[in-house]
Amino acid sequence: MRPVSPEAATRLTERIEEELRASYGDARKPRLDPLDELILTILSQNTSDVNRDRAWANLQESYAGWDEVRAKGREPLEQTIRSAGLATQKSETILRVLEALGKKGVPSLDHLRDLPDDRALDYLTSIKGVGTKTAACVLCFSLGRPVMPVDTHVHRLAKRLGLVPPNASPEKAHEILNEIVAPDLRFSLHIQLIRHGRSTCRARRPECGRCEIAGICPRVGVNGD
Ligand code: SF4
């Protein structure tokens, strides 16, 4: 059952964050340059961290910089990032990003540092192939902004925990979570929900019997979504 008021929802998110942090430890993530973070996030779509990291390492070894990636074009890029899967689609998106950002010189997202959160999100999502989650990752992880990305784990757990309606789209979940979660908890709760979604509250057969937050979950015993 969804909390009846925004205040109750906020308190629930605080409790979930606290209990998961007690179990998994503090949230940490290395801070990258915003353009690096954007491209890393594009690589991470629909693949494992291991495959994403392999593609990222290949990129770092094969090119001197984003300018060179742009200049050499799609075929070599596609080969370089093949381990991340969807290599054609991802290389097209990466090149589109580099084209859009490199019109006045070396591709860069440094200008985002001077924009407020909503304008930075609008700017990033105006690039074809860059969705709300990807843009939110750049703001949250690279720029340290209080924007909570909603990936597949966060989306699933937010629905199971009654933080968003069961039929909420990822975009709707983004909107709701970024209203009800306190700004200083958005990064941590994102990381904790991903940890919990990977280890316990998996998409299929979640392990409710050993779940740290079963006491506050309305879907104990759920089998799928
Ligand atoms: S009780 Fe089950 S469904 Fe609820 S959060 Fe825990 S693992 Fe997920």
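Visitor: Which residues touch the most other members of the largest nonpolar core?
Guide: Of the 53 residues in that core, they are Leu43, Ala136, Leu139, Cys140, Met148, Ala158 and Leu177. A nonpolar core here is a set of buried Ala, Val, Leu, Ile, Met, Phe, Trp, Tyr and Cys residues joined through C-beta atoms within 7 Å. Buried means that 20 or more other C-beta atoms lie within 10 Å of the residue's own; 12 or fewer makes it exposed, and in between it is partly exposed, with C-beta atoms placed from the backbone.

Visitor: Before we go on, what kind of model is this, and how is it numbered?
Guide: The model is predicted: local features need pLDDT of at least 70, side-chain atom pairs count only at pLDDT 80 or more, and totals for chains, interfaces and linings use all residues. Residues are numbered from 1 along each chain as its sequence is written.

Visitor: How many residues of α8 are buried?
Guide: 10 of its 11, so to speak a mostly covered helix. Among them are Lys133, Thr134, Val138 and Phe141. The cover over the buried residues of α8 includes α2 (34-44), α7 (117-125), α10 and α11.

Visitor: What is Ala136 in contact with?
Guide: Leaving aside neighbours within four places in sequence, Ala136 is in contact with Leu121, Val147, Met148, Pro149 and His174. Contact means that the two C-beta atoms, placed from the backbone, lie within 7 Å.

Visitor: Which residues of α10 are buried?
Guide: In α10 (residues 170-180) they are Ala173, His174, Leu177 and Ile180. Seen down the helix axis, they fall within an arc of 150°, so they line one face of α10. That arc is taken over the directions from the helix axis to the C-beta atoms. The buried residues of α10 pack against α1 (6-24), α8 (132-142) and α9 (152-160).

Visitor: New topic: which residues come nearest to the ligand?
Guide: Cys201, Pro206, Cys208, Cys211 and Cys217, of the 14 residues around the ligand. A residue is near if its C-beta atom, placed from the backbone, lies within 6 Å of the molecule. By class, the shell has 10 nonpolar, 1 polar and 3 charged residues.

Visitor: Where is Leu86, and what about its phi?
Guide: Leu86 is in the loop between α5 (74-80) and α6 (87-101). Its phi is positive, about 45°, although Leu86 is not a glycine. Most residues other than glycine have a negative phi.

Visitor: Is Arg205 buried or exposed?
Guide: Arg205 counts as exposed, because it has 9 C-beta neighbours inside 10 Å. Arg205 lies in the segment after α11, and its phi is also positive, near 45°.

How values were computed:
Helices (H or I, at least four residues) and strands (E, at least two) are DSSP runs, numbered from the N terminus. Ala, Val, Leu, Ile, Met, Phe, Trp, Tyr, Cys and Pro count as nonpolar, Asp, Glu, Lys and Arg as charged, and the others, Gly among them, as polar.
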